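Hi everyone, thanks for coming. Please have a look at the sequence and the structure on the screen, and then I'll walk you through a few parts of it.

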Amino acid sequence: RIVPRRNMPKVLCVDEIHFSEELDQNYCCVLYDFERKEIVDIIKNRKMSYLREYFSNIPIRERQNTKVFISDMYDAYSTICSSYFPNAIHIVDKFHVVTQLTRAVNNLRVNTMNSIKDSKDEEPYYNFMKTNWKLFLCKNEDIPDKRYCYMKTGEIFHFDELIYHSIQLNDKLWTGYNALQDLTHFSYYATYDECLNFVEFLSQKLRNSNSELLKKVGDTFHRWRFEIANAYTKDAKTNKYSNAIAECINNQLKTIIKSAYGYHNFERFRKRAMLIITYSKKCI
């Protein structure tokens, strides 16, 4: 039975899902319609050769109808957008932007924590950093107005004091923490140029740091600065552009795979997923 793909939508979300450990079936690429909240199609592999072959077979007039292309920071998606969707604005999902910096800051927290592990004077800060790691990754205003009691000595510290002292123990953590605060407090700007200026400022700040982790994030932000700036424009906020719908449907796809105890035949999986999620209430 033939299960056709849907037409290319106005807002196209692109993501991948782990499918199988077999050759050429490790990660498949899933196309989503942002507005209709359904799967457009599933491509066997996310490698460039598969993507080029797939999109080159779609008529140019149909691809020109796509105005927004949303993805993560996978290089192949950037090439596909620029090569096959001439009228589309490429937006990087903000979740992946924040996650890049969050992971780096968390690694620096662990490094700082381990560096004071054997110091008795810093033991309260070590224990706090170990048990309250989430507070180093959130906004300043979200830190609770609470106090922490160090049970061995009975000393009482305010959370703000502990966090401030902890990030001062390592200048790399200090730089990363402040950069993360800049990013999480970054509001949407009215113009694209204002967004681009902020992304370039932040990427340069990270690239000038002494941390290889932060430099790597800064390089990534610089390489994707145009797509990140698109994600923070006023229009992106108004339309709430993100890959959230892709992540939601991905959970359904994982359930389909688990319920079948895995698939060896990609076409069977594709047809079943399309029939359940896209065509369940439509006539083919």
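**Two helices side by side**

Let's start with α7 and α8, which are roughly antiparallel to each other, a label used for angles over 145 degrees, while under 35 counts as roughly parallel, 65 to 115 as roughly perpendicular and the rest as oblique. The axes of α7 (residues 171-184) and α8 (residues 192-207) cross at roughly 170 degrees and come within 10 Å. Those axes are lines fitted to C-alpha atoms, for helices over the stretch in contact, with angles from 0 to 180 degrees between N-to-C directions. On the α7 side the contact is made by N178, A179, D182 and L183, and on the α8 side by F198, F201, L202, K205 and L206; contact here means heavy atoms within 4.5 Å. By class, that contact has six nonpolar, one polar and two charged residues. For the classes, Ala, Val, Leu, Ile, Met, Phe, Trp, Tyr, Cys and Pro are nonpolar, Asp, Glu, Lys and Arg are charged, and the others, Gly among them, are polar.

A quick word on where this comes from. This is a predicted model, where local features need pLDDT of at least 70 and side-chain atom pairs count only at pLDDT 80 or more, while totals for chains, interfaces and linings use all residues. Residues are numbered from 1 along each chain as its sequence is written, and side-chain values use heavy atoms, with hydrogens and water left out.

**The whole chain**

The chain has 13 helices and seven strands; these are DSSP runs numbered from the N terminus, helices being H or I with at least four residues and strands E with at least two. Of its 284 residues, 49% count as buried, meaning under 20% relative accessible area, with exposed over 50% and partly exposed in between (1.4 Å probe, protein chains only).

**Two helices with a buried side**

Which residues of α9 are buried? They are L214, V217, G218, T220 and F221. They cover an arc of only 160 degrees around the axis, so they sit on the same side of α9; the arc is that of the directions from the helix axis to the C-beta atoms. Their cover includes α4 (94-115), α7, α8 and α10 (225-231). The face turned away from the buried side of α9 carries the exposed residues E212 and K216.

Now α13, residues 266-278: its 13 residues should span 18 Å at 1.5 Å a residue, and the end C-alpha atoms are 17 Å apart, which agrees. The expected span is 1.5 Å times one less than the number of residues. In α13, F266, F269, R270, A273, M274, I277 and T278 are buried. They fall within an arc of 125 degrees seen down the axis, so they line one face of α13. Among what covers them are β2 (27-33), β3 (38-43) and α12 (244-259).

**Three single residues**

Is S71 buried or exposed? S71, in strand β4 (residues 68-71), is buried, with a relative accessible area of 0%. Leaving aside neighbours within four places in sequence, its contacts include V14, Y77, H90 and N243.

Last, two lysines. Most residues other than glycine have a negative phi. K37, in the loop between β2 and β3, has a positive phi of about 55 degrees and is exposed, at 55% relative accessible area. K240 lies in the loop between α11 (234-239) and α12; its phi is positive too, near 55 degrees, and K240 is exposed, at 65%.
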